[in-house]
Amino acid sequence: MLLTALIHRGRATYAFFERNWNLTKRYWAWEIVWLLYNIVNALSVTFIGAAAEQITGAKVKFDTNSLLLVLVIGTSVWSYLSVTFDGVTDIINMERWEGTIEYTFMAPISRFTHMVGSCLYAVAHGLLFTFIQLLVIAAFFHIDLSHANYLSAIFLLMLGSISFIGFGIGAAILPLLYTEKGMQMSFIVKAVLLLVSGVYYPISVLPGWMQPLAHISPATYVLEGLREAVMQGRPLWSPEIWSCTWPLILTGLISVPASVYAFSLAERYAKRAGKLKRNG
Amino acid sequence: MAVERPLPTIATPLVVDQQEQDAVVVEEVTKVFKQSGAWLPWRRGRKERVVRAVDRVSLRVKRREIIGVLGSNGSGKSTLIRILSTLLIPDSGRVRIFGYDVVRDEAVVRRLINRVSVEASFFKKLSPMENLIYAARLYNLPGREARERIESILGRLGISAARLKQPLEDMSRGMQQKVAIARAFLTAPVLLLLDEPTTGLDPRSKLDVQTFIRELREVHDATIILTTHDLEEAEALCDRIAIIDQGRIVALGTVAELKQEVVRQLGLSSSASMHQVFMHFTAAHHITEEDIHRYGSWEKAFEAFEAMREEEE
C-alpha cells in the first residue's frame with residue numbers, strides 16, 4: 001500500500017519534471033534568448049572588474065583577479081537564483097499563462113508532490129544555465145581558480161537552493177492570488193533579493209536599515225560562502241564556511257515549510273474566492 | 001441518506017462502495033462571488049458587485065446516471081461543476097461524492113472525478129501525446145499503458161497517430177476538444193463532469209463523443225454530469241435533466257416529465273419540444289396567454305421579458 005502511494009508520488013513528480021523539460025524543448029528559442037541575455041549581462045558586469053583600474057584611475061596596482069572573482073561569483077549566483085526562482089514561481093505563472101491551472105489543481109496529487117517535481121526541474125535548469133554561463137565567462141577572462149575548494153562551493157549552492165525554493169514557493173502565492181499582477185509582484189521579490197544580498201558588493205555598504213534584510217536573504221550566505229570557498233579555498237569544516245552553513249540550514253528549515261503552509265492557505269482562499277478560474 | 005465513511009489514506013486503494021446508490025448529493029449549496037469595492041483613492045466610486053452564482057441548489061444523482069444540467073450563459077452551471085470538481089469551496093451547503101465531502105475529503109474526491117471544460121486547457125506547445133502522458137502520470141498510470149490507451153482513445157475519436165506528436169496549437173479547436181475529452185476518459189473516473197464538452201465539435205465528432213460517454217457508463221460504471229447548450233444532445237444522452245436559471249434549479253426530471261409539465265402549464269394540445277421546455281423554464285417571466293396575445297407570439301413575449309431582465313441586471 002505504502003509502496004503504491006510512493007510509486008504514485010514518484011510518477012507524479014516525474015510528470016512535472018518531464019513536462020517542464022518538454023516545454024523547455026518546445027520553447028527553445030526563448031531559452032536561447034534568456035541564456036544569451038544572462039551571459040551578456042554577466043559579461044558586462046565582469047568587464048567592470050576588468051576595467052577597474054581605468055575607471056578609478058588607481059595609481060597603485062589593483063587586485064583585478066579578486067574583483068573579477070567577486071563579480072563572477074555574483075553574476076553566477078544571481079543567474080542561478082534567477083532561473084531557479086523563476087522556475088519555482090512558474091508553478092503558478094506558467095499554468096495561468098497556459099490555462100491549465102484548474103486541471104493541475106484537480107489532479108489527485110498533493111501540492112507538496114506538485115512542488116517537488118517543479119522545484120527539482122527548476123534546480124536542474126538553473127544549474128545547467130549557470131554552468132554554460134561560467135564556461136563562456138571563463139573563455140573571456142583569465143581567472144585564477146587554483147585556490148578554489150569546489151566541494152565547499154557546490155555544497156553551499158545546493159544548500160542554498162533549498163532556501164531559494166522556499167522563497168520561490170512563497171513568491172508563487174502572488175500569482176495564485178493576483179491573477180493579473182501576481183507575476184510582476186514576484187519579480188519585485190526577486191529584485192529585492194538582488195539588492196540586499198550583496199551580489200556585487202559587500203552588504204556593509206548598504207544603509208543600516210537595509211542590512212537586516214540582507215541577513216534574512218539566503219543569497220547573502222550563499223555568496224559569502226562561495227567567495228570564501230572559491231577565493232580562499234576554505235574547506236567545508238572551516239569556521240568561515242560554517243558561519244554561512246548554519247544560517248542556510250535555518251532559512252531552509254523555516255522557509256520551505258512556512259511557504260508550503262502559506263501556499264496551502266492561499267490555495268484555500270483562491271478556492272473560496274474563485275481565483276483559480278481566470279487565466280492570465 | 002448517504003452514510004459517512006472513514007477517510008482512506010493516500011496509501012490505501014480507493015474502492016467505491018457498491019451499495020452506495022447516490023453518486024452525488026448536493027444539499028442547499030450556495031456560492032456568491034463578490035467583487036470588492038474600491039479601496040484605492042483613485043478607484044473610489046466603484047461599487048461592490050455581488051453575483052449569486054449558485055443559490056441553494058439541491059440535487060441527487062444516482063450511481064450510473066447521466067444527468068444533464070441545462071441553463072443559459074451565466075446561469076450557474078459551470079460554478080456548480082467547479083464546486084463538484086473541488087475547484088471552488090461553497091459558501092454554504094454540502095456536497096458529497098460517493099459519501100465523501102468535497103471540502104473535507106477533497107483529496108479522496110479528486111481520485112474519483114475528472115472533468116472536461118468548454119475550453120480545451122492544455123500546454124498548447126506540447127503535443128497531444130506529451131499532454132496526455134503528463135495527465136496520465138498524475139493519475140498514476142504507467143507511461144507504456146498510458147501510451148496504448150491514448151492511441152486507442154484518440155484513434156476512436158478520429159485523431160490519427162501521425163498527429164499525436166504535433167503541437168496542439170496546430171490543431172483545430174474541435175480536435176483540441178477531442179484531446180481534452182480523451183484526457184478525461186483516459187483515467188476512467190467514476191464521476192465524470194462534462195462542462196459543455198461538445199461545443200465546437202462537428203456533428204460526427206459529437207456522435208463519437210456521445211458514444212464514448214455511453215460506453216463509459218456501460219463499461220466503467222461511471223456516473224456522468226453533463227452541462228450543454230445542445231438540447232438534442234441532452235435529450236439523447238441524459239436520464240434526467242436539471243434546468244438551472246439564475247443559480248437555482250427551476251426544473252428537474254426526465255425528458256418526458258419535463259415535456260409533460262410544459263404541456264400542462266402552457267395548456268398545449270400537442271407534445272412540447274426540448275426547445276420549448278428550455279425556453280419555458282428559463283424565461284424571465286412565465287408567459288401567459290395574455291402575454292402571447294399582447295406581444296403577438298410566445299417567442300416575441302419571451303424576447304421582450306428577456307430584454308427587461310437584462311436591463312434590470
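**View 1. B:Asp202 caps the N-terminal end of helix α6(B).** A side-chain oxygen of B:Asp202 lies 3.1 Å from the backbone nitrogen of B:Arg204. The model is predicted: local features need pLDDT of at least 70, side-chain atom pairs count only at pLDDT 80 or more, and totals for chains, interfaces and linings use all residues. Residues are numbered from 1 along each chain as its sequence is written, chains are lettered from A in the order in which they are written, and side-chain values use heavy atoms, without hydrogens and water.

**View 2. Helix α6 of chain B spans residues 203–220.** Helices here are DSSP runs of H or I with at least four residues, strands are runs of E with at least two, and both are numbered from the N terminus. α6(B) has 18 residues. From first C-alpha to last, α6(B) reaches 25 Å, close to the 26 Å expected at 1.5 Å a residue (1.5 Å times one less than the number of residues). Just after α6(B), B:Asp221 takes a positive phi of about 65°.

**View 3. Buried residues of α6(B) include B:Phe212 and B:Leu216.** Buried means under 20% relative accessible area, exposed over 50%, partly exposed in between (1.4 Å probe, protein chains only). B:Ser205, B:Val209, B:Gln210, B:Ile213 and B:Arg217 are also buried.

**View 4. Elements of chain B cover the buried residues of α6(B).** Among them are strands β3 (66–70), β7 (191–195) and β8 (223–227). Helices α4 (143–156), α5 (173–186) and α7 (231–237) also take part.

Note on methods. Contact = heavy atoms within 4.5 Å. Polar contact = N/O pair within 3.5 Å; in protein donor to acceptor, adjacent residues only side chain to side chain.
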